Amino acid sequence: MAQIFNPNKSGKNRKHKSLAKQLPDFIAKVESYDPEGKGIIRAESGRIAFVTGALVGEVVKVRPITYNEKIMKGETLQIIEPSPKRVTPHCTHFDVCGGCQLQYMQSEHQTEAKQLALNTLFQKQLGLTDIPWQQPIVGPDWHYRRTARLSIWFDSDKSFRLGFRQKKSKQIIDVEQCPILVQSLTDLLPSLKTLIQSLTNRRAITHVQLYALDNGNTIIFRVIESIKNEDKERLSEFAKQNEFNIILQHNEHEFEQISALKGTSGTELEYQMQNCRFQFSPEDFIQVNSEVNQQMVAQALQWLAPTKDDVVLDLFSGVGNFTLPLALKAKQVFAVEGVNNMVLRLQKNAELNQIDNISAHQADLSKLVLKYKPKWLKPIDKLLLDPARDGAFDVVQKIPLLAPKKILYVSCNPSTMVRDIKELQQSGYKLSKLGLLNMFPHTAHIEAMALLEKE
């Protein structure tokens, strides 16, 4: 998510030096939003207050939590004058669960607030007055998440909780249903807990990873010690009854197939998109929102417009989410990823789809040394980069050497994205398109796609 305001760590929770006690509650009107969806209020004390649970235009009663001389963080105690855009949260766990913080906002209003935060960030940091906004990419509001990791907390020998972390706590809340999981996964939760309760060595399980995929729904149990044969039989029977694959994960790299659906084998997982099959390991990253991911890749292809004459470089390529669709349209694609296992996975996916114009390479993209120039670091026609939250500053400094005509930048952290685009501006690239990707509805998380072209 974008973070326009980054408080100094040493003063982040420091109380005002002239005050001996907590600031009193106060009533005020919400003026705007920060990039995390918090309401911004100008308090009578002169401080700027960032308040959770409040909508623009509402008059609310606020309780200060932390503050210094200029900044205050608070929570909404009471809605005195509610906004017409306020809605009742859909999830029964909203008040305690640490996820989906924006459920009290209408879905359309969430998208508007995120785009406004992104617009403010780009105008402020890039000095642009006219942002070339494109239509935001959105998907279903509910039942959009095809994978999730649940934790287990044992209260006693027989009692345990299966779910997600509580707000502002490491405690686990017991989740009976989760409306952002795809329907088949949320429907599974009650029987999944009954299954775990029936296991003789249930304390060996620390986490449960759920997947709803094109080659079958899958449950992965993370275990810290061996599971008895009688428990494996229970797991296998449960898998058959509910039509799920079941895998045990013994450590970071060791997986054991317990039960497989017809037509599947081993621990390979798979999704399909753009007429391609993408196999991956439970260790690998994939996009959790299938609908938005499909639209995102389609838009990337449309904006970048690769042709059979183009050589394209795909940085931070992962298992090939962008690489394979690009290769179907381009002359050649060089794919670079920092994790060697992901490079091997991409190579296998290229073979699986009978694509022979992909050249995959492993490299630490934060440590490019021009003295030892890698063979993929050469002039190209077009570039796509999809970095992690830290962005790609070290890479974009070297992009002028590659001389791409177009650069497509996909980001899960607009703060680092705008920093990198600022660097590209200085190298003669102009921002020609910008669009919001609402990958995670009901959360403050912001993702974006930008197209830059050589001036």
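## Cavities

A cavity here is a set of grid points where a 1.4 Å probe fits but cannot get out. The model is predicted. By this rule it holds 4 cavities of 30 Å³ or more. The largest cavity has about 60 Å³ of space.

Its lining is made up of Y33, D34, P35, E36, G37, L102, M105, Q110, A113, K114, A444 and I446. By class, that lining has 7 nonpolar, 2 polar and 3 charged residues. Helix α1 (residues 107-126) supplies the largest share of the lining, 3 residues.

## Strands β16 and β17

Strand β16 (residues 332-337) and β17 run parallel, joined by 5 bridges. One of the bridge partners in β17 is H361, which pairs with V336. The chain passes from β16 through helix α6 (residues 340-352) to β17, a right-handed β-α-β crossover.

Strand β17 (residues 358-362) is mostly covered, with 4 of its 5 residues buried.

## Aromatic pairs

The count of aromatic pairs is 5. F94 and Y104 form an edge-to-face pair, 6.4 Å centre to centre with 70 degrees between the planes. Both residues sit in the loop between β6 (71-81) and α1, 10 residues apart.

F154 and F160 form a tilted pair: 5.7 Å centre to centre, 45 degrees between the planes. Both F154 and F160 are buried. Elsewhere, ring pairs link Y211, Y271, F278 and F280 into a cluster.

How values were computed:
Residues numbered from 1 in each chain as written. Predicted model: local features only at pLDDT ≥ 70, side-chain atom pairs only at ≥ 80, totals over all residues. Heavy atoms only, no water. 1 Å grid on protein atoms, 1.4 Å probe; cavity = no way out; pocket = protein on both sides within 12 Å on 5 of 7 lines; lining within 4 Å. Points joined across faces, edges and corners; volume = space filled by probe spheres on them. Helix = DSSP H or I, 4+ residues; strand = E, 2+ residues; numbered from the N terminus. Nonpolar A, V, L, I, M, F, W, Y, C, P; charged D, E, K, R; others polar. Buried < 20%, exposed > 50% of the residue type's maximum accessible area, 1.4 Å probe, protein only. Pairing = 2+ DSSP bridges. Right-handed = clockwise from strand over helix to strand, strands pointing away. Phe/Tyr/Trp six-rings, centres within 6.5 Å; stacked < 30°, edge-to-face > 60°.
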